[in-house]
Amino acid sequence: MTASNFRLPKKIFQMQVAMLRVCYALIPIVVASVYLFGWRSFFLVITSLIFGILTEAVFNFKNNKSVTSAIFVTSIIFSLSLPPNLPFWMAIVGIIFGVAFGKMLFGGFGKNIFNPAMVGRCFIYVSFPIEMASAWSSPARGVFGGFNHWSFSVDAISMATPLSALRNGDAIFLEDLFWGNISGSIGETSAFLILLGGIYLIYKKAASWRLAGSCLLGGVFLSIILHVASPLKIASPIYMLLSGSFLFGTIFIVTEPISGPKSKPGQWIYGFMVGGLTITLRVFSNFPEGIMFSILIMNAFVPLLDKTMGQIKAMKKGKS
Amino acid sequence: MAKTVTQEFTKGLWEEIAPFRLVLGLCPVLGVTTTMENGIGMGLATTFVLVCSNILVSILRKFIPAKVRIACFIVIIATFVTVVELLMQAFAYPLFLKLGVFIPLIVVNCLVLGRAEAFAFKNKLIPSVADGLGMGVGFTLSLGALGAVREILGTGMFLGMSVFGASYEPFAFMVQAPGAFVCLGLMLCGMNIIGSK
């Protein structure tokens, strides 16, 4: 390619209604994150957005294609899944890796096997485990909250997120979990706003209720079993669901249409497995949170699920 | 087929450089290249086996019945792998410990078997030596390069020395298995870009 035949595509952004709706649903969470963790988290979101768009533009403009709106969703979800005090350059590395390797190398929008946001997060999680597990800050309180703060310092006592606190057997208040006055990743803390976004998405049909519902079902199922099996060690289902990024993942990541399965039974199995695996990983693995890994693992099974479901359908048709 | 001995040697360095062009022998390429030292050590061990097995296969090519040739190749290769293993235990014990199971695995490295089958079995002694040497040096260079990239990015060190200073945040990802795949893929991509021009 020479510079002379390089032309910007007619439309720089290709608007996709479903993807934009996910963005609208994410806006309250971004605002809440500023209240809880200060302006730094907002700039983390903006930085990820800029570099996510740039990465996609580098690949897409070369082929005279527009930048898809899906990149907004990917970048925002990616940044909301980070701890609030993560160094900026790590977020940049993560989003570039996620978009380039998780999406563009597979052929761009609609062709990616893995969720690009999760690929990026996984990359920096594996690369910088210390920063990713310690850059938490305790949430702000009061009327203005974080609106007049840049960030809140990482302090050793409140460093633990509810998930690690649960592991240590500390008590947390249920209402804090629900409203989001807890430490954790930027966007995962407020169950209320996530549910609000989820209701909006499902009402507007931008997210599949099957995926979200089955994921929730899987999580509830597994956590009830495990809680009944050892009630002293393992927290009750309601804590399991409200803490960490389980809800955030259920509403915004599992329902991502591209890397999820297309067939209805496939969607049920996929969601249920993601939910169940998340709880299993939380309880039995060395990592406090499991939703990122369970989504990536199940993403790998999506083509198989869709193919098998198609074959079963064809067999049934052949018989009747 | 009228290639000179020099050409037989140099083809293994660029045109048919094993891990990148033939995509052969990937197991050690991905497995041991966490540091440049490991990569080069592994490459040299493989080069030794390659040259020696090529020599012996080439000498014996008239005597080995075609039907049982693979078994014969394996016996020849396994002999030299055992030699390498014992030599490394005697003279390079720390490296031997680091490379571990990958040394006996040279026996099943398809690069070694591939050169015996595809080249040494059909060619005379001198070209076979040149071929084995070229392939081996190419293999060593690739492993060294991959090892260097992964070592620098993954630990911030190069041959045990710090490159970026203490403030560097190492990409732990790069020294793990997925880092090897990503790095190899990027190097392949780079070689194809250069090669297609």
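The size of an interface is often given as the accessible area lost when the parts come together. The structure is a predicted model, in which local features need pLDDT of at least 70 and side-chain atom pairs count only at pLDDT 80 or more, while totals for chains, interfaces and linings use all residues. Residues are numbered from 1 along each chain as its sequence is written, chains are lettered from A and ligands numbered from 1 in the order in which they are written, and side-chain values use heavy atoms, with hydrogens and water left out.

The interface can also be described by its residues. In chain A, 10 residues are in contact with eight residues of chain B; contact means heavy atoms within 4.5 Å. A salt bridge is a side-chain nitrogen of Lys or Arg within 4 Å of a carboxyl oxygen of Asp or Glu. One residue pair between chain A and chain B is in polar contact, with both residues at pLDDT 80 or more. A polar contact is a pair of N or O atoms within 3.5 Å; within protein, one must be able to donate a hydrogen and the other to accept it, and residues adjacent in sequence count only if both atoms are side-chain atoms.

Helix 4 (88–102) and helix 5 (116–127) of chain A each supply at least two residues of the side of chain A that touches chain B. Helix 4 of chain A gives the largest share of that side, five residues. Helices (H or I, at least four residues) and strands (E, at least two) are DSSP runs, numbered from the N terminus. The residues of the side of chain A that touches chain B divide into eight nonpolar, one polar and one charged. Ala, Val, Leu, Ile, Met, Phe, Trp, Tyr, Cys and Pro count as nonpolar, Asp, Glu, Lys and Arg as charged, and the others, Gly among them, as polar.

On the chain B side, B:Val182 lies in helix 10 (residues 177–196) of chain B. B:Val182 touches A:Phe97, A:Phe101 and B:Phe173, not counting residues up to four places away in sequence. B:Val182 is buried, with a relative accessible area of 16%. Buried means under 20% relative accessible area, exposed over 50%, and partly exposed in between (1.4 Å probe, protein chains only).

Chain A has 14 helices and two strands. Of the 320 residues in chain A, 55% are buried. Among contacts in chain A with a separation of 6 or more, 77% join residues 24 or more positions apart.

Helix 13 (residues 264–284) of chain A has 21 residues and reaches 30 Å from its first C-alpha to its last, close to the 30 Å expected at 1.5 Å a residue. The expected span is 1.5 Å times one less than the number of residues in the helix. Buried residues of helix 13 include A:Gly271, A:Gly275, A:Ile279 and A:Arg282. A:Met240 is found in helix 11 (residues 237–242) of chain A. A:Met240 counts as buried because its relative accessibility is 7%. Among the residues that A:Met240 touches are A:Ser223, A:Phe246, A:Ile279 and A:Arg282. A:Met240 and A:Arg282 are 42 residues apart in sequence and 9.1 Å apart in space, C-alpha to C-alpha.

Side chains of opposite charge can pair when their charged atoms come close. The whole structure holds six salt bridges over all chains. A:Glu56 forms one with A:Lys103, and the closest N and O atoms are 2.8 Å apart. This pair links distant parts of the chain: A:Glu56 is in helix 2 (residues 39–62) of chain A, and A:Lys103 is in the loop between helix 4 and helix 5 of chain A, 47 residues apart. Both A:Glu56 and A:Lys103 are buried.

In chain B, B:Asp131 and B:Lys11 meet in a salt bridge (2.7 Å, N to O). B:Asp131 is in helix 8 (residues 125–155) of chain B and B:Lys11 in helix 1 (residues 5–11) of chain B, 120 residues apart. B:Asp131 counts as buried at 0% relative accessibility, and B:Lys11 counts as buried at 3%.
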